[in-house]
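Visitor: Hi, I've just opened this one and I'm new to it. Could you walk me through it?
Guide: Happy to, let's bring it up.

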Amino acid sequence: MSNEWDEYAENWDVDPTVEEYAKNAFATLLDNINIDDLTVLDFGCGTGALTQLMSPTVKSIVAIDASSEMIKHLNKKALNNVSSISDYLSEELVQSRPELANKFDLIVASSVCAFLPDYEATLSLLKSQLKEGGMFVQWDWLSNDDSSNIGLSEKRVKQAFLASGFVNTRVNSPFIMSSSKGNMPVLMAIGENA
Ligand SMILES: C[S@@+](CC[C@H](N)C(=O)[O-])C[C@H]1O[C@@H](n2cnc3c(N)ncnc32)[C@H](O)[C@@H]1O
């Protein structure tokens with residue numbers, strides 16, 4: 001499936017910011033969740049920067065991305081416990097793909113949710129793919145302005161988690177990325193499927 005992210009795929013893995021973001025996301029994931037032997041869905045996996053870090057520890061990963069070019073680069077990494085899907089996540093896809101037939105222990109979304117046309121609806125769909133007690137974790141640019149299209153505010157994320165029925169929700173900003181545009185704080189949100 002081709003989309004607007006295809007053009008970034010070729011240089012995604014050589015961008016030091018991508019690597020640093022994934023390393024920070026992975027470290028903060030481990031600070032909060034024991035990922036040993038978990039079944040994982042990496043939603044919006046891109047070329048698999050975070051998938052690759054989780055792969056040696058978890059049981060298995062289904063890595064999904066709407067960009068076929070991103071998935072092509074992930075597949076080149078030939079990670080033995082990772083299966084990939086090149087498509088948009090939707091109810092129909094969940095019904096049709098055998099990789100999505102079983103619910104997951106953990107779903108991660110690294111720098112994806114702020115780009116979704118309907119974050120709240122997708123969050124509910126993601127929650128429905130978790131086992132009871134399963135965890136969802138997202139990282140996005142932290143924004144103080146919900147009308148901007150860069151990032152998500154703590155308020156919006158907290159409201160969305162509450163509306164979707166997540167429990168034990170934690171929202172914070174555990175790391176800051178520095179770039180030519182200045183320092184950009186990253187929001188991390190964790191919720192449990194009761
Ligand atoms: C900023 S990139 C992040 C990629 C990767 N998670 C990382 O941190 O390197 C956002 C990715 O989300 C994917 N994406 C956006 N909406 C999606 C959807 N509805 N279903 C699947 N993938 C989606 C895009 O194709 C893109 O590769």
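Visitor: Which element gives the most to the shell around the ligand?
Guide: That's α2, with 3 residues. Keep in mind that this is a predicted model.

Visitor: Which elements supply at least two residues of that shell?
Guide: There are α2 (16-32), α3 (49-54) and β2 (60-65).

Visitor: And how many residues surround the ligand, and which are the closest?
Guide: The ligand is surrounded by 22 residues, and the closest are W5, G44, G46, A66 and S67.

Visitor: What's the make-up of the shell by class?
Guide: You'll find 15 nonpolar, 6 polar and 1 charged residues around the ligand.

Visitor: OK, switching to the strands. In what order do they sit in the sheet?
Guide: The order is β3-β2-β1-β4-β5-β7-β6. These 7 strands form an open sheet, and their pairing is mixed.

Visitor: Which ones stand at the edges?
Guide: β3 (82-86) and β6 do. Each has a single partner strand, so one side of each is left without a neighbour in the sheet.

Visitor: What does the twist average from one strand to the next?
Guide: The average is 15°.

Visitor: Let's look at β6 again. How many bridges join β6 to β7?
Guide: There are 10 bridges between β6 (residues 166-179) and β7 (residues 182-193), and the two strands run antiparallel. A hairpin of 2 residues connects β6 to β7.

Visitor: Which residues in β7 do F175 and S178 stand opposite?
Guide: F175 faces V186, while S178 has N183 opposite.

Visitor: What about helices? Which strands does α7 lie across?
Guide: Helix α7 (residues 154-164) lies across β6 and β7, at about 150° to β6. Then there's helix α6 (residues 119-128), which lies across β1 (39-43), β4, β5 (130-141), β6 and β7. Its direction is at about 145° to β5.

Visitor: Last topic, the inside. How many residues does the largest nonpolar core have?
Guide: That core has 44 residues, and F43, I107, V108 and L187 have the most contacts inside it.

Visitor: Which strand gives the most to this core?
Guide: Strand β4 (residues 104-110) does, with 5 residues.

Visitor: And what is F43 in contact with?
Guide: Setting aside neighbours within four places in sequence, F43 is in contact with I64, L89, I107, V108, A109, V112 and L126.

Terms used
Residues numbered from 1 in each chain as written. Predicted model: local features only at pLDDT ≥ 70, side-chain atom pairs only at ≥ 80, totals over all residues. Core = buried A, V, L, I, M, F, W, Y, C linked by C-beta atoms within 7 Å. Buried ≥ 20, exposed ≤ 12 C-beta atoms within 10 Å, placed from the backbone. Helix = DSSP H or I, 4+ residues; strand = E, 2+ residues; numbered from the N terminus. Contact = placed C-beta atoms within 7 Å. Pairing = 2+ DSSP bridges. Near = placed C-beta within 6 Å. Nonpolar A, V, L, I, M, F, W, Y, C, P; charged D, E, K, R; others polar. Axes fitted to C-alpha atoms, helices over the stretch in contact; angles between N-to-C directions.
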